[in-house]
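This report describes the packing, helices and charged pairs of the structure shown below.

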Amino acid sequence: MEPFPIDADEFDLHDVEANPNALDILRNAEIDEFLNDAGAQVKRVLVAGKGFGKTLILKRKAAQHRFSQSGFICVPSDRLCEKIPSFLLDIGGAWSADLVRVEVWTAVWEVTIVAAVCRATGVNLASQVERLVPLPFSAIGDVVSHLTRGIKSIRACKGLVAYSRASLRSVESRVAVFIDNVDEGLKHQLGRDSQAGRASQPEGNSVGEQVWIAAQLGLLEAIRELRHINRKVRVFATIRQEAFDRYDFQTRAQVRELCVSLSYTSQELLEIFRTRCRLVPSNRLAKPKESDPIQRFLGIRCTAVEAGGPTESTES
């Protein structure tokens, strides 16, 4: 049994509508920076390791745009974030060499995001794009998996970027797009390999990991590019720190301006744990009568210790 019956996936639009405090989260400097929508430089991408709470924070950002900011059309419309579902790419095919390239994924994401924005705002897509994008589609993930299913559609995306951008320039509404779970959606690629991919990437990780990294960095690049095309359209996303660390393009300084890398102190982690302990049912508490939530749950007292500090103190 999981120790905490709490998951970011359990909180969505209906919960926030019923209770605005449903997405109450611990705040630190990095989280505040990402959630801040004032000023000229609104952060677009939250970068963190697995289990750092990226989804919950992105959902908080989405809730702000729906309920605290006026005039935004949000994508998706029926939930807080677009969760990219798991799908498996055929990296054994001749197009595996394309799938490890960031610029290929940038084009795929640009076409996908513009299609979703145009669908939400009623703006017509260029006919060249309409022929490739499956309309009507129910989710951004459907378009991504469709566009990456074969070499013809993958390579066609690069030629469609100019048409997509022209359509995006016609969008006059304020739009906010929220994309999550790219890392988990493609996690089944990790460890997979192919001859074609190895030929294009003679050094480094497996082809599957190269695809996993390229897909996330491609999304990052697409967000940077689209930001310059139409300032009324905001695209927010989460990516893994491990992928971001591999970003080595000349635009790194520009991209860093759009990102927040999330970290926690030991005290903040302890407070997160304490908050979760408050939500544990009484029948699962070791010492229900204790005043401290952690002592109630574990039966011991915990003290946060920074690296190089004193030994952690626990009491029965």
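## Ser-145 and the basis of the model

Ser-145 is partly exposed, with a relative accessible area of 26%; here buried means under 20% relative accessible area, exposed over 50%, and partly exposed in between (1.4 Å probe, protein chains only). The model is a predicted one, in which local features need pLDDT of at least 70 and side-chain atom pairs count only at pLDDT 80 or more, while totals for chains, interfaces and linings use all residues. Residues are numbered from 1 along each chain as its sequence is written, and side-chain values use heavy atoms, with hydrogens and water left out.

Ser-145 belongs to helix α7. Helices (H or I, at least four residues) and strands (E, at least two) are DSSP runs, numbered from the N terminus. The C-alpha atom of Ser-145 is 8.1 Å from that of Leu-89, a residue 56 places away along the chain.

## Nonpolar cores

A nonpolar core is a set of buried Ala, Val, Leu, Ile, Met, Phe, Trp, Tyr and Cys residues joined through side-chain atoms within 4.5 Å. The largest such core has 65 residues, and the members that touch the most others are Trp-105, Trp-109, Ile-140, Ile-179 and Leu-220. At least two residues of this core come from each of β1 (45-48), α5 (102-121), α7 (140-147), α8 (151-169), β4 (174-180), α11 (207-229), β5 (233-240) and α12 (241-244). Another core, of 22 residues, lies apart from it and includes Phe-34, Leu-56, Ile-57 and Val-260.

Which residues surround Ile-140, when those up to four places away in sequence are not counted? Ile-140 touches Val-75, Glu-82, Ile-84, Trp-109, Thr-112, Ala-116, Val-177 and Ile-179, where contact means heavy atoms within 4.5 Å.

In α3, the buried residues are Lys-54, Thr-55, Leu-56, Ile-57, Leu-58, Lys-59, Lys-61, Ala-62, Ala-63, Gln-64 and His-65.

Gln-64 lies in α3 and counts as buried because its relative accessibility is 14%. The side chain of Gln-64 reaches the backbone oxygen of Leu-35 at 2.9 Å. With neighbours within four places in sequence left aside, Gln-64 is in contact with Leu-35, Asp-37 and Gln-69.

## Salt bridges

The structure holds 20 salt bridges, a salt bridge being a side-chain nitrogen of Lys or Arg within 4 Å of a carboxyl oxygen of Asp or Glu.

| Pair | N to O separation |
|---|---|
| Arg-101 and Glu-103 | 3.0 Å |
| Glu-242 and Arg-240 | 3.2 Å |
| Glu-271 and Arg-274 | 3.3 Å |

Arg-101 is partly exposed at 32% relative accessible area, and Glu-103 is likewise partly exposed, at 40%. Glu-242 is partly exposed at 39%, whereas Arg-240 counts as buried at 11%. Glu-271 is partly exposed at 26%, whereas Arg-274 counts as buried at 14%.

Glu-271 and Arg-274 both lie in helix α14 (residues 266-278), 3 residues apart, about one turn of the helix. An α-helix has 3.6 residues a turn, so residues three or four places apart point the same way.

Arg-240 and Glu-242 also belong to a network of salt bridges that links them with Lys-50, Asp-183, Glu-184 and Lys-187.

## Cysteines

How many disulfides does the structure hold? The number is 0, with a disulfide taken as a pair of cysteine sulfur atoms within 2.5 Å. For Cys-81, the nearest cysteine sulfur is that of Cys-74, 9.9 Å away. Cys-81 is buried, with a relative accessible area of 5%, and Cys-277 is buried as well, at 2%.

Definitions and conventions:
Polar contact = N/O pair within 3.5 Å; in protein donor to acceptor, adjacent residues only side chain to side chain.
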